[in-house]
Structure formats: structure tokens, C-alpha cells
Amino acid sequence: MARIKYLYNPETCQYERVKAKPLDTALNVGIFLALSIIFAIFLTFILGKYYKTEQELSLQEENQELLEHYNLLNKELQDVHAILQSIQHRDDNIYRVIFEAEPIPTSIRTAGSGGTDKYRELLKKGLKKEKLIVNTKQKIDNLKRMMYVQTKSYDEIAKLVKDKSKMLACMPAIQPISNKQLTRLTSGFGIRIHPIYKVGQFHPGIDFAAPMNTPIYATGDGTIEKAEYEGGYGNHVKINHGYGYKTLYGHMSSFVVKPGQKIKRGELIGYVGSTGFSTAPHVHYEVIYNGEQVNPVYYFFKDLTAEEYEKVLELASKENQSLS
Ligand SMILES: [Zn+2]
């Protein structure tokens, strides 16, 4: 408000009111307004800094709560990460080892998901706690990636298990004749005295002595490759089991299968006889792996008890004469 000014007039010996010029009045009003605005801004700033409104206070509280939740979430993510790492460890060192699969390289397991570029959008927002938010997002993405790789690994193992069980069904794993009907295991694999030539000769199979016409069974799943008569083996059957395995059954009285026929483990293929080079009824049984005759004694594990198997091993190792 403009003050009223008086000046002393010596001529009239009186104080006379000085009339303010309009320009001065306007200037005064302007200064007053400017000062008021500055003061108002200053006051708002001070109050805003030290005194919060109820809404601000509640938002602040909410922010604090969110921050605590975020920190808690991060801690939980760390725990989940540790669990997943232990699953990965078990996968590489147990499951994949059992099924002969290579461990998954660490570089694939921990492959990043695009560095911080992916989080640029988040960073752009200029949030105060952006580092915390980006870290959390990165942890979640890493977990997702790790879980994806782990799922793929389990898929692969499941396939291997399936293949393995098929392979186990095909591998020769039982005796060609029932243990009850087995008179004796006459001759094992290796150098044996030939029954006709009476000289030491490599015996490429095992001879199971059994009464004439005792049933002979396929020792694993496969396809009949041969069912024919031939001088040495007499009536014999050869089965191709796949996975590098074949079995041969010799000196049969007769066979009941034909080449090309699919066969299951335990299915009847023929009967014990003494055809070909043979001195008594028996089945000459060979296991061939990758084209080479191997000791069949290691392929009976499925239907024998530990004691029976011990006995078979003992009999098979005896130096005796083969029945050919
Ligand atoms: Zn033999």
C-alpha cells in the first residue's frame, strides 16, 4: 500500500500532501506483487520440504512398504535360484550320467537374456529405485531361462529312458531254456576239448544239456534272421536283437519260427535236439555283440537268483569237453 507523503511548505507554513504520480503507484503495486509471489514460493518450498500433507505421508509409507516387499522378493528369488542350481547339479551329475548324456555346458545353462539393453525401457522411466527393479527383473529372466534349459534336459532324459527300456527289452538277458529243465551246463565259453576231434578248440558259446525236445526260448526281443539247417550247427536259429546284439541257438531237433518274424523275449523258437556236430541233446547258445561272439554267461542276469548265477559262472568256467 502506498504511503501518504507530506512535505513542509515554508510559504504556507503547512504540511501539504504530496500527490503520488500514477507511474509511482503502478511501480509500487508491481513490486508488492512480485515480493508476494517470491514469498509465496519460498513458503511453499519450506513447507513442502518440512511438512507433508496427509496424502504425501501415505504415499511415502506405501513406497517404503513396496521397497520392503521388493527386497523380500529379491531374497526369495535368490532362494529359488539356489534350489534350481541344485537341480541342475543333480541333472548333470546323476540323471544325465546314468543315461550317458553329456552334461549341459554352463555357458548354455547360464546364457544371459540380452544384457541391460532389454531393460532400457525400465531405465528410461528414471525411477528412483530403478537399479533394484532392473536387478529383480534380471533375476526373474535368468530363472526363466534356467528353467527352460532344465525342462529341455528332462525331455531329453525322458526320451533316453524310453530308448533305454526298449534296448533293455532287446538285449539277450535270460537263459534259452528254463532253469527247471536244465540238466547241466555242460560247456562254457572259451577253449574246450572238442567232443569229436578231442583237441582244444575255441568254443564260442555255452552248451545247455537238456532232455530231447525241451522248449528253447528267445532270450531278447528281435527279428529272426536265420532258421535253417547247416552242417555244424544243425537246425539253428539266429535272432537279430538290434543295438549290435544277435543270438544263435544250435543243434535243435526242430524250429518253429521263420526268417523275418518278430519275436519277444521268452517266446518259443524251437526244441532241444542233437542235429549237426553234436554228441548229446543240448542247445549251443551264442551271444554275438558287434559281430563278435562274447561270453553268454554275462547275459543271463534277468531270470537267475544270485546263487543260481554264481553256480552258472562256476560251471561255465570249468575246463571240460563241449558238446559242440
Ligand atoms: Zn557248443
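I count Ala, Val, Leu, Ile, Met, Phe, Trp, Tyr, Cys and Pro as nonpolar, Asp, Glu, Lys and Arg as charged, and the others, Gly among them, as polar.

The model is predicted, so I take local features at pLDDT of at least 70 and side-chain atom pairs at pLDDT 80 or more, while totals for chains, interfaces and linings use all residues. Residues are numbered from 1 along each chain as its sequence is written, and side-chain values use heavy atoms, without hydrogens or water.

I looked up the second largest pocket. Its volume is about 360 Å³. Asn-63, Gln-64, Leu-67, Lys-128 and Lys-129 are the closest to its centre among the 10 lining residues. (A pocket is an open set of points on a 1 Å grid where a 1.4 Å probe fits, with protein on both sides within 12 Å along at least five of seven lines; lining residues have an atom within 4 Å of a point.) The lining has five nonpolar, three polar and two charged residues. Helix α2 gives the most, six residues.

**Helix pair.** I then followed α2 (residues 54-98) to α5 (residues 130-170). Their axes come within 10 Å and cross at roughly 25°. That makes α2 roughly parallel to α5 (angles under 35 degrees count as such). The contact holds 16 nonpolar, nine polar and four charged residues.

**Strands.** Last, I checked β8 (residues 222-230). Seven bridges join β8 to β9 (residues 234-242), and the two run antiparallel. (Strands pair if DSSP finds at least two bridges between them.) Tyr-229 has Asn-235 as its bridge partner in β9. A hairpin of three residues links β8 to β9. Two bridges join β8 to β11 (residues 262-263), also antiparallel. There, Thr-223 partners Lys-262.

Technical notes:
Axes fitted to C-alpha atoms, helices over the stretch in contact; angles between N-to-C directions. Helix = DSSP H or I, 4+ residues; strand = E, 2+ residues; numbered from the N terminus. Parallel < 35°, antiparallel > 145°, perpendicular 65-115°, else oblique. Points joined across faces, edges and corners; volume = space filled by probe spheres on them.
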